[in-house]
Amino acid sequence: MLQQSRSADSSFLTDIPARLDRLPFSAMHLLIVVALGITWILDGLEVTIVGSLAAVLKLPEAWL
């Protein structure tokens with residue numbers, strides 16, 4: 001249950017993190033972690049390729 005405290009910073013106590021910690025790690029969680037990992041790798045690869053080609057693409061003879 002949600003319990004509100006009366007402090008100066010207006011924060012509140014909740015049991016949501018504890019409830020989430022009790023949930024089992026399922027195949028769906030693994031799929032999400034793998035998908036995010038692949039996306040992170042491909043994003044890094046894209047940045048590396050663009051960084052490598054940027055200097056060459058600035059040259060006028062590269063577009064002939």
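Me: Which residues form a nonpolar patch on the surface?
Reply: In this predicted model, the patch is formed by Phe 25, Leu 30, Val 33, Val 34, Ile 38, Leu 42, Leu 45, Ile 49, Leu 53, Leu 57 and Trp 63. Together they have about 1100 Å² of accessible area.

Me: Why is Trp 63 called exposed?
Reply: Exposed means over 50% relative accessible area. Trp 63 has 63% relative accessibility, so it counts as exposed. Trp 63 sits in the segment after H2.

Me: Why is Leu 57 called partly exposed?
Reply: The class lies between buried, under 20%, and exposed, over 50%. The relative accessible area of Leu 57 is 43%, so Leu 57 is partly exposed. Leu 57 belongs to helix H2.

Me: What secondary structure does the chain have?
Reply: The chain has two helices and two strands. From the N terminus, their order is β-β-α-α.

Me: How many of the 64 residues count as buried, as a percentage?
Reply: A residue must be under 20% relative accessible area to be buried, and buried residues make up 0% of the chain. The accessible surface of the chain is about 6300 Å², with 71% belonging to carbon and sulfur atoms.

Me: Where is confidence lowest, and where is it highest?
Reply: Strand S1, residues 3-4, has the lowest mean, 56, and H2 the highest, 95. The chain averages a pLDDT of 87, and 86% of the residues score at least 70.

Definitions and conventions
Residues numbered from 1 in each chain as written. Predicted model: local features only at pLDDT ≥ 70, side-chain atom pairs only at ≥ 80, totals over all residues. Heavy atoms only, no water. Patch = residues over 30% accessible without salt bridge, like charges linked within 9 Å, V, L, I, M, F, W, Y side chains within 5 Å. Areas by Shrake-Rupley, 256 points an atom, 1.4 Å probe, with all protein chains shown as cover. Salt bridge = Lys/Arg side-chain N within 4 Å of Asp/Glu carboxyl O. Helix = DSSP H or I, 4+ residues; strand = E, 2+ residues; numbered from the N terminus. Buried < 20%, exposed > 50% of the residue type's maximum accessible area, 1.4 Å probe, protein only. pLDDT = per-residue confidence, 0-100.
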